[in-house]
Amino acid sequence: MTLQQRYDQVLGHFERAMPDAATELHYGTPFQLLVAVVLSAQCTDKRVNQVTPALFAAYPTPAAMAAASAEEIFGYISSVSYPHNKSRHLEGLSRMLVSDFGGQVPSDVDLLQRLPGVGRKTANVVAAVVFDLPAMPVDTHVFRVANRIGLTRNAKTPLQTEQQLVKHIPPEKLSMAHHWLILHGRYVCQARRPRCADCGISHLCVHFNRKKGGAA
């Protein structure tokens, strides 16, 4: 099997199994998704979704959040991971959105990365989910799953993983493929105990077939 054939079969399976895959973060506006993704770093979407309703009610726009202090924001997000750093990031990015971008979330990945607390993964999530641009955010799930299945080879960093995935996945499927890989990693191809018996692509998976002593 060629690498591209592996991609085609894996994507075909996900397309059939998860035709409506989407982010599990709750949001109503581009700004709210940006905030939710910043909060989700090393934190579960479930926890983020527990704190954002009150946060968004208090600060629904960049202007509203920019008028708050980091200490005030901290009061709403204290139960997420690294709340002190994230409250400072949210204060800073809100103020920059107001001062530099007219209160609008930019769609450009490079511009997004100018915002405090926004790295490449977060910027790609916003580009892919909000603006439906061909972007491939790489979190720990995507990094792990792509390597295990055999979609990536010798990728040592998230950027190397992103570059390999972008090379082989059609642009129109990139944003959806991001959701497929995340959800597969979250619920099936889990970090410590992958549920290979419940996996619809185990026959294509390099990791699974190596365990069996075969080849994929």
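Start by colouring the charged side chains: 23 are positive and 16 are negative, and the centres of the two sets lie 13 Å apart. Here Lys and Arg count as positive and Asp and Glu as negative, with His and the chain ends not counted. Each charge is placed at NZ of Lys, CZ of Arg, CG of Asp or CD of Glu.

A word on what is on your screen: this is a predicted model, where local features need pLDDT of at least 70 and side-chain atom pairs count only at pLDDT 80 or more, while totals for chains, interfaces and linings use all residues. Residues are numbered from 1 along each chain as its sequence is written, and side-chain values use heavy atoms, with hydrogens and water left out.

**The whole chain**

Switch to cartoon view and you will find 12 helices and zero strands; helices (H or I, at least four residues) and strands (E, at least two) are DSSP runs, numbered from the N terminus. The C-alpha atoms fill a box of roughly 60 × 30 × 30 Å along the principal axes. Of the 216 residues, 49% are buried, meaning under 20% relative accessible area with a 1.4 Å probe, protein chains only.

**The largest nonpolar core**

Next, select L34, L39, L55, L90 and L93, which touch the most other members of the 36-residue largest nonpolar core. Such a core is a set of buried Ala, Val, Leu, Ile, Met, Phe, Trp, Tyr and Cys residues joined through side-chain atoms within 4.5 Å. Helices supplying at least two residues each include α2 (30–39), α3 (45–58) and α6 (83–101). The largest share, eight residues, comes from α2.

Centre on L90. Beyond its neighbours within four places in sequence, L90 is in contact (heavy atoms within 4.5 Å) with V35, V38, L39, L55, M65, I73 and I77.

**A stop at V48**

Now pick V48, in helix α3. V48 counts as buried because its relative accessibility is 0%. Setting aside neighbours within four places in sequence, show L25, A36, L39, S40 and C43, the residues in contact with V48. To finish, draw a distance from the C-alpha atom of V48 to that of N124: the two residues are 76 apart along the chain, and these atoms are separated by 19 Å.

Technical notes. Buried means under 20% relative accessible area, exposed over 50%, partly exposed in between (1.4 Å probe, protein chains only).
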